[in-house]
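This report covers a sheet, a ligand shell, a nonpolar core and the confidence of the model. The sequence and structure come first.

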Amino acid sequence: MPPGLTEEQWEVLKRDGALYLPGLIRGDELRRLQESVSALRRDLPYGYVYGTEYSRTTPKKQEAAPPVDPLQVMPVFDSGFMDPVFHEFLAKPEIHDGFERILGKDFVLDNTIVHTVRLGTKRLPFHKDAHGLALAVVLLDKCGWDNGGTSFAPATHINSPPPSYCMEDVRARPSAEGQTVGAAGDVYILCVDAWHGRAANIGPGDTSKLMLHVNSRTNFRAPAWFRRFAPEEVARARAKLPPHARHLLEWSHEETQQRQQELAALGAVKRWAVNRGEGCHSLLRSFVHFLLYANRRDLADARGKTLPGYTSAPMFQTFSFAPYWRALKLKLVLRRLLASAIYAVPGGKALISMARARGFAR
Ligand SMILES: O=C(O)CCC(=O)C(=O)O
């Protein structure tokens with residue numbers, strides 16, 4: 001495999017959970033990418049209905065411009081299956097190596113999404129995605145500060161609870177924030193166990209990005225593309241990738257079964273805390289996950305084993321639990337616990353919605 005990140009770049013990614021690769025895509029490659037984006041937008045000017053991908057049903061074409069809100073990015077899911085140019089970047093040595101250094105060798109493609117953040121879109125709140133995911137953001141347009149770039153809080157990818165227990169307002173800008181600003185063709189690699197969201201877009205115009213999501217195979221579920229595309233289509237897309245990247249599009253029914261058996265064989269607590277490719281919202285579950293699965297030397301190469309994401313053991317060699325708990329704000333933890341208790345009683349959900357509407361709760 002061609003060389004990937006330099007050790008200096010890896011040091012930055014390890015430290016911040018984010019790495020900027022300016023000018024990674026340029027010249028003819030960038031022009032081809034932009035032409036492909038224009039073609040995609042001619043067919044799907046408003047992308048797919050947001051949410052259909054994430055509920056793992058077949059994406060539905062969006063027929064008219066949706067309202068401008070933080071979730072409505074007119075996403076074109078699975079763009080790499082429509083045009084192989086969108087898969088090509090997964091094989092870029094720097095991107096592939098960045099993913100491998102975050103997740104270990106055992107990762108698979110989750111999705112290649114082209115999205116557009118329209119002028120006037122407000123911030124997407126800070127959150128953490130499932131453990132065992134990584135993201136590369138390819139800028140398709142010039143993107144300035146508060147122009148709809150992905151936002152992140154540097155160095156929150158290790159030992160960090162979900163941000164809603166630590167930030168007074170997950171919609172507000174934290175004291176230290178990075179954003180994926182830069183020129184078309186610039187790339188960012190992000191460890192999405194870091195707190196991240198999206199900057200508002202206050203101008204000068206709409207901005208598009210290609211989001212390359214990859215997932216540890218130890219997240220125990222088949223990627224959505226496996227069900228959506230016929231084996232021949234997947235085989236064709238895989239053959240277009242160079243050999244070192246073909247594993248991204250490898251999955252089988254046997255693997256699904258094997259992963260399910262492995263999951264079932266775990267003890268109850270391990271099974272509860274393991275990655276499942278879902279969001280990371282639970283304070284305790286996320287802590288137990290780190291406790292059980294992080295900082296294990298045997299994670300250096302998870303291929304073929306029942307192991308969680310974060311197979312780059314060096315990230316966690318200095319793992320200690322104090323930072324996890326220190327980041328918490330007691331008031332927020334109590335507020336969330338109270339909200340969960342109210343939620344659990346009949347009528348509680350309506351009560352919380354009412355309190356939110358009147359500004360008493362977030
Ligand atoms: O839209 C963005 O830039 C951020 C996306 C995001 O938060 C995510 O993929 O989890």
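## Open sheet

Four strands form an open sheet in the order S3-S8-S5-S6, with antiparallel pairing. Strands (E, at least two residues) and helices (H or I, at least four residues) are DSSP runs numbered from the N terminus, and two strands pair if DSSP finds at least two bridges between them. Strand S3 (124–127) and strand S6 (178–179) are at the edges with a single partner strand each, so one side of each is left without a neighbour in the sheet.

S8 and strand S5 (residues 150–152) run antiparallel and are joined by three bridges. Thr150 has Arg198 in S8 as its bridge partner.

## Basis of the model

This is a predicted model, in which local features need pLDDT of at least 70 and side-chain atom pairs count only at pLDDT 80 or more, while totals for chains, interfaces and linings use all residues. Residues are numbered from 1 along each chain as its sequence is written.

## Ligand shell

Thr150 and Arg198 also belong to the residues around the ligand, together with Val73, Leu124, Asp129, Val192, His196 and Gly197. A residue is near a molecule if its C-beta atom, placed from the backbone, lies within 6 Å of it. Strand S8 (residues 196–198) supplies the largest share of this shell, three residues.

The shell has three nonpolar, three polar and two charged residues. Here Ala, Val, Leu, Ile, Met, Phe, Trp, Tyr, Cys and Pro count as nonpolar, Asp, Glu, Lys and Arg as charged, and the others, Gly among them, as polar.

## Nonpolar core

The largest nonpolar core holds 60 residues, and Ala134, Val138, Val187 and Leu190 have the most contacts inside it. S4 gives the most to this core, with seven residues. Such a core is a set of buried Ala, Val, Leu, Ile, Met, Phe, Trp, Tyr and Cys residues joined through C-beta atoms within 7 Å; buried means 20 or more other C-beta atoms within 10 Å of the residue's own, with C-beta atoms placed from the backbone.

Leaving out residues up to four places away in sequence, Ala134 touches Phe99, Ile102, Leu103, Ile189, Cys191, Val192 and Val214. Contact means C-beta atoms, placed from the backbone, within 7 Å.

## Whole chain and confidence

The protein has 13 helices and nine strands, and 42% of its 362 residues are buried.

The average pLDDT (the predictor's confidence in each residue, from 0 to 100) is 86, and 89% of the residues score at least 70. Over residues 297–319 the pLDDT is below 50. Where pLDDT is low, the predicted coordinates should not be read in detail.

Conventions: Buried ≥ 20, exposed ≤ 12 C-beta atoms within 10 Å, placed from the backbone. Contact = placed C-beta atoms within 7 Å.
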